[in-house]
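Hello,

Here is the structure for you to look over.

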Amino acid sequence: MTDPTFDAFDHQCMAQALRLAERGAYTTRPNPMVGCVMTQDTDVVGEGFHVRAGEPHAEVLALQAAGDRARGATAYVTLEPCAHTGRTGPCADALIAAGVARVVAAMRDPFPQVDGAGFEKLIAAGITVASGLMETQARQLNRGFLSRLERGRPWVRVKLATSLDGRTALANGESKWISGEAARRDVQHWRARAGAILTGAGTVLADDPSLTVRLEDDTAFVPPLRVVLDPGLATVARGKVRQGDAPTLYVHDAQAKPPREIDAQRAVAPLIGDRFDLHAVLKLLADRGINEVQVEAGATLAGAFVAAGLADEILLYVAPVLLGDRARPLFAGLGIDAMAQRARLRVVDARAIGEDQRLLLQPISATA
């Protein structure tokens, strides 16, 4: 396998494959998002993207669309074609059987049952294989899937709404609504791509959130798992978080005794002092196939993720309001006493959402 210089048409086709892949953002988990474009010379003869786990992969759908024109074609795919039989057959075998002449992949698939085996199958069959085209974009697209496989934990996004003076709630805890209606609608799309929405018992008791996805159109999505960190199971018998079709998981201390009459999905995680070991919590979620976690919690839990180096990105809605110095801060417990200790962030994206500003930020040290 070589590392050729890709031409403009190669880039154009891979960019389209990435756009197709992203159409599965709300439905593919725990599988990665994958798109495929099939071409003959400079004609696109087939396209496809993976929609849902257990359903046909992007390459198979693109081959079906191409029909007989797949023979001798080039397949542009955002992830190495699979080489194993899971709920569907190996895509590498399908490409070989169809007579594809060339495969251009954005990146290798780190899934242990693939991890180069797909490329090896294709090469052994005489197909020209090239990899690395727009790999940075492909990794960003599947940052949650890659985080789970390569780091053993989901990608963590901490979502917060703040006033201009960096406050998330009044001193009495009131926080509805800092951000505007457009921002609250926008959050739903970020929730829809998350495998889990995580909060703490304090937020459930104070705000009684439902933590569900509420999209205004008929866009298909898989309801995220709602996760409540509740050491003593103080919230297991109450709250909107138990209502609706989305599943709910209560993470608690081993010593907690759940009420006998309550039938709830539960898991045990260790405590460090009086707080959960967040690394263990994330490992628990990774073992359940969760790729992305969206944290929607108060300053203590949000600050704990940042302080532990576990916040991969911060989704921040900044409203043009002031709440004053008695209001509650964005993050608690960071323990910054000198300017040299400041947490440095880079702005990945910034845009206006209604009257608010939405910032997507990543710690300088965190990379996908």
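The largest pocket has a volume of about 1,400 Å³. Of its 50 lining residues, Thr203, Asp207, Glu296, Ala297 and Gly298 are the closest to its centre. A pocket is an open set of points on a 1 Å grid over the protein atoms alone, where a 1.4 Å probe fits, with protein on both sides within 12 Å along at least five of seven lines; lining residues have an atom within 4 Å of a point. Volume is the space filled by probe spheres set on the points, which are joined across faces, edges and corners.

This is a predicted model: local features need pLDDT of at least 70, side-chain atom pairs count only at pLDDT 80 or more, and totals for chains, interfaces and linings use all residues. Numbering runs from 1 along each chain as its sequence is written, and side-chain values use heavy atoms, without hydrogens or water.

Helix 7 (181–193) gives the most to the lining of the largest pocket, 6 residues. Helices (H or I, at least four residues) and strands (E, at least two) are DSSP runs, numbered from the N terminus.

The second largest pocket holds about 530 Å³. It has 18 lining residues; Glu22, Gln140, Arg143, Trp190 and Arg193 lie nearest its centre. Helix 7 again has the largest share here, 4 residues.

**Asp230**

Asp230 sits in the loop between strand 9 (225–229) and strand 10 (248–252).
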